[in-house]
Amino acid sequence: MNLERYRRQILVKEFGQRGQETLSKKNIVIIGGGGLGSNSANIFVRMGIGTIDIIDKDTIDITNLHRTSLFTQEDVGKSKALILEERLHAINPEAHIRGINQKITKENIESFVKNADVIVDGTDSVSLRHLINNVSLHYNIPWVYAGVYETVGMIMGVLPQKTPCFQCISQNIPESIPGEIPVLGSLPATIASIQCNETIKLLLGKPLAGLIIYDVWDQCFDVMNIKRNPDCPVCGKK
Ligand SMILES: [Zn+2]
């Protein structure tokens, strides 16, 4: 590993060379390569995560460009996952990057995430998040939820059997709304950045913040300390 690339980051006291070396050995899987996933992948590869898989079956649409990172107008019509693989590799050739142009299903999710140290949520689907939550609890793999709507984003890291899971907080999460989700262009980058910090903390064994809610328009920031639901059908005592 070329430590010079990370010199300014290694100077951060909470992080240091040990943090850098730890990240270089970690494996994350980002599910979704759109507004959240492209921005978080861009940050992760620059910060020095060793292995990054990005799974997305979609192609780049002109309507994605206002809120995503790394895509250009010439990429419209091409695979999000494969373009991200190409761009991320160019940013940091030391990282192992794999773009996977596939749809995640109940049947195949295990094969994609079983070796992950953390799963990173880049989807816009509540049902897919419940699927990630179930597989996370079943295989004891932490994951970091993030969602965006209009000007508001939410983030929460899930450490199985230690912190509330997605089901525990599901009454606080808006259901999927039919049709197009309104999103301010600056929002996903901001929320992905916070999501990346919670992911890095998980990878370094640091405590998580809780359920973070940020309105980038009103500049309202809140961290909710939610307790686990003992009767949760996913993480509670069966
Ligand atoms: Zn739960």
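In which loop is the place of Glu150? Glu150 sits in the loop between strand E5 (143-149) and strand E6 (152-158), and the views below include this site. This is a predicted model, in which local features need pLDDT of at least 70, side-chain atom pairs count only at pLDDT 80 or more, and totals for chains, interfaces and linings use all residues. Residues are numbered from 1 along each chain as its sequence is written. Helices (H or I, at least four residues) and strands (E, at least two) are DSSP runs, numbered from the N terminus.

**View 1. Packing of H3 against H7.** Helix H3 (residues 35-47) and helix H7 (residues 187-203) pack with their axes 8 Å apart, at an angle of about 50°. H3 is therefore oblique to H7; angles under 35 degrees count as roughly parallel, over 145 as roughly antiparallel, 65 to 115 as roughly perpendicular and the rest as oblique. Axes are lines fitted to C-alpha atoms, for helices over the stretch in contact, and angles run from 0 to 180 degrees between N-to-C directions. The crossing of H3 past H7 is right-handed (the near helix is turned clockwise from the far one by less than a right angle; left-handed if anticlockwise). From H3, Gly35, Leu36, Asn39, Ser40, Ile43, Phe44 and Met47 meet Pro188, Ala189, Ile191, Ala192, Ser193, Gln195, Cys196 and Ile200 in H7. The residues of this contact divide into 10 nonpolar, five polar and no charged. Ala, Val, Leu, Ile, Met, Phe, Trp, Tyr, Cys and Pro count as nonpolar, Asp, Glu, Lys and Arg as charged, and the others, Gly among them, as polar. Two residues are in contact if their C-beta atoms, placed from the backbone, lie within 7 Å.

**View 2. Packing of H3 against H4.** The axes of H3 and H4 cross at roughly 25° and come within 9 Å. The two helices are therefore roughly parallel to each other. H3 passes H4 in a right-handed crossing. Ser38, Ala41, Val45 and Arg46 of H3 make the contact with Leu84, Leu88 and Ile91 of H4. Five of the contact residues are nonpolar, one is polar and one is charged.

**View 3. The largest nonpolar core.** A nonpolar core is a set of buried Ala, Val, Leu, Ile, Met, Phe, Trp, Tyr and Cys residues joined through C-beta atoms within 7 Å. The largest one has 56 residues, of which Ile28, Val29, Ile52, Val118 and Ile119 touch the most other members. H7 supplies the largest share of this core, seven residues. Apart from neighbours within four places in sequence, Ile119 is in contact with Val29, Ile31, Val113, Ile132, Ser136, Ile141 and Trp143. In soluble globular proteins, nonpolar side chains tend to be buried together.

View 4. Ala116 is in the loop between helix H5 (109-113) and strand E4 (118-121). Ala116 counts as buried because 22 C-beta neighbours lie inside 10 Å; the cut-offs are 20 or more other C-beta atoms within 10 Å for buried, 12 or fewer for exposed, and in between for partly exposed, with C-beta atoms placed from the backbone. Leaving aside neighbours within four places in sequence, Ala116 contacts Asn27, Ile28, Val29 and Ile141.

**View 5. Ser79 and Ile100.** Ser79 is in the loop between strand E2 (51-55) and helix H4 (80-91), while Ile100 belongs to strand E3 (residues 96-100). Ser79 is partly exposed, with 19 other C-beta atoms within 10 Å. Ile100 is likewise partly exposed, with 19 other C-beta atoms within 10 Å. Beyond four places in sequence, Ser79 is in contact with Thr59 and Asn101, and Ile100 with Asp53, Ile54, Ile55, Ala81 and Phe112.

View 6. Glu150 has phi near 55°, a positive value in a residue other than glycine, and counts as partly exposed with 13 C-beta neighbours inside 10 Å. Val152 lies in E6 and touches Ile213 and Asp215, not counting residues up to four places away in sequence. Gln161, in the loop between E6 and H7, has a positive phi near 65°. Gln161 is exposed, with 10 other C-beta atoms within 10 Å.
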